[in-house]
Amino acid sequence: MGATSVRPKDDVRVNAARPAPDNGGTDSRAERLQQLRAPRRPRLRFELLLIGISYWVYSLIRNAAPEQVGQAQRNARWIWEVQQSMGLAFEQSVNHAVNGVTWLIVTMNYYYATLHFIVTVAVLVWLFRRHPGRYGGMRLALFATTAIALLGYYYYPLAPPRLMHGVDFIDTVKVHNTWGAMSSESMAAVSNQYAAMPSMHAGWSLWCGLIIVWLARPLWAKALGVLYPVLTLVVIVATANHFWLDAVGGVICLGFGFAVSWLWYGRPCHRLPRRVPEPPAAPASPGPAGSGDQPS
């Protein structure tokens, strides 16, 4: 009986001393990863700093890509011949036709130079204010789209139609002396003229358009969301800044960007919760024993 009474006590002591199974911190790592992937409320100062630094890095890398003029011309010639073989080399006809209507082509020149940034920033601001829970996923899609585009600029130099040799395209900015496009002498000195594939005018405008179609409620706003990338395609072709295949490259990059966002958040970014609940307030820590409860 004595032996049997001691054994349970020994077993208890052994079990108490035995460490818990070590899973290598897998649970805690998974929890931390889940916390990182959870939508969170964006912070204005951080977002402004992030967007500013990201655009600066994007411009730096884009413009640091070597301007391989010979290869860029060969690639442009190949793109043009592929489109001709498909019976879809319409850029030259559109370029010449629109250039004959001065008010229209001047408007398109300014559209190309300004709305690319204005509309994208406006959509980011709208997401920040009205859809903060979806802002992070949408921003990640835009950033991933732009990051993958940099590989195209670096490894596939491409002359835009307006700079092609041996093909009669009109550089509408130079002809009409409008402001802000990459072909102007002041911009040409600081911008890579042969970073045309993929077209981020097409990629960013489609990003804006899809977000408006997905999330805006008024029918007129959804119509603008459809119209904006379509107009942008017409503008980049009419001003001879891109081939239509450059726009296809931009769409492919955007698909990659949305895929990255989906993989990170576990669902399409437009299906994330609209708003992120405020974190619960931390309970007040009790004061020292015997303090705070006695009358003065």
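Buried means under 20% relative accessible area, exposed means over 50%, and partly exposed lies in between, with a 1.4 Å probe and protein chains only. Keep that scale in mind for each stop.

This is a predicted model, in which local features need pLDDT of at least 70, side-chain atom pairs count only at pLDDT 80 or more, and totals for chains, interfaces and linings use all residues. Residues are numbered from 1 along each chain as its sequence is written, and side-chain values use heavy atoms, leaving out hydrogens and water.

**Stop 1: Ile170**

Select Ile170. It sits in the loop between α7 (132–155) and α8 (172–176). Helices here are DSSP runs (H or I, at least four residues), numbered from the N terminus. Ile170 has a relative accessible area of 15%, so it is buried.

**Stop 2**

Turn to the aromatic rings. The structure holds seven aromatic pairs. Rings of Phe, Tyr and Trp (its six-membered ring) pair if their centres lie within 6.5 Å; planes under 30 degrees apart are stacked, over 60 edge-to-face, and the rest tilted.

Select Trp80 and Phe243. Their ring centres are 6.2 Å apart and their planes meet at 40°, so this pair is tilted. Trp80 lies in helix α4 (residues 69–85) and Phe243 in the loop between α11 (219–238) and α12 (244–265), so the pair ties together parts 163 residues apart in sequence. Trp80 is buried at 5% relative accessibility. Phe243 is buried too, at 0%.

Trp80, Phe169 and Phe243 form one aromatic cluster.

**Stop 3: Trp214 and Phe258**

Which kind of pair do Trp214 and Phe258 form? It is edge-to-face, with 5.5 Å centre to centre and 65° between the planes. Trp214 is in helix α10 (residues 200–215) and Phe258 in helix α12, 44 residues apart, so to speak a link between distant parts of the chain. Trp214 is partly exposed, with a relative accessible area of 33%. Phe258, at 14%, counts as buried.

**Stop 4: the arginines**

Select Arg129, Arg130, Arg217 and Arg275, which form a positive surface patch. Patch residues have over 30% relative accessible area and no salt bridge, and like charges are joined within 9 Å. A salt bridge is a side-chain nitrogen of Lys or Arg within 4 Å of a carboxyl oxygen of Asp or Glu. Zoom in on Arg130. It lies in helix α6 (residues 102–130) and, at 43% relative accessibility, counts as partly exposed.

Technical notes. Patch = residues over 30% accessible without salt bridge, like charges linked within 9 Å, V, L, I, M, F, W, Y side chains within 5 Å. Areas by Shrake-Rupley, 256 points an atom, 1.4 Å probe, with all protein chains shown as cover. Lys, Arg positive; Asp, Glu negative; His and termini not counted. Charge placed at Lys NZ, Arg CZ, Asp CG, Glu CD. Helix = DSSP H or I, 4+ residues; strand = E, 2+ residues; numbered from the N terminus.
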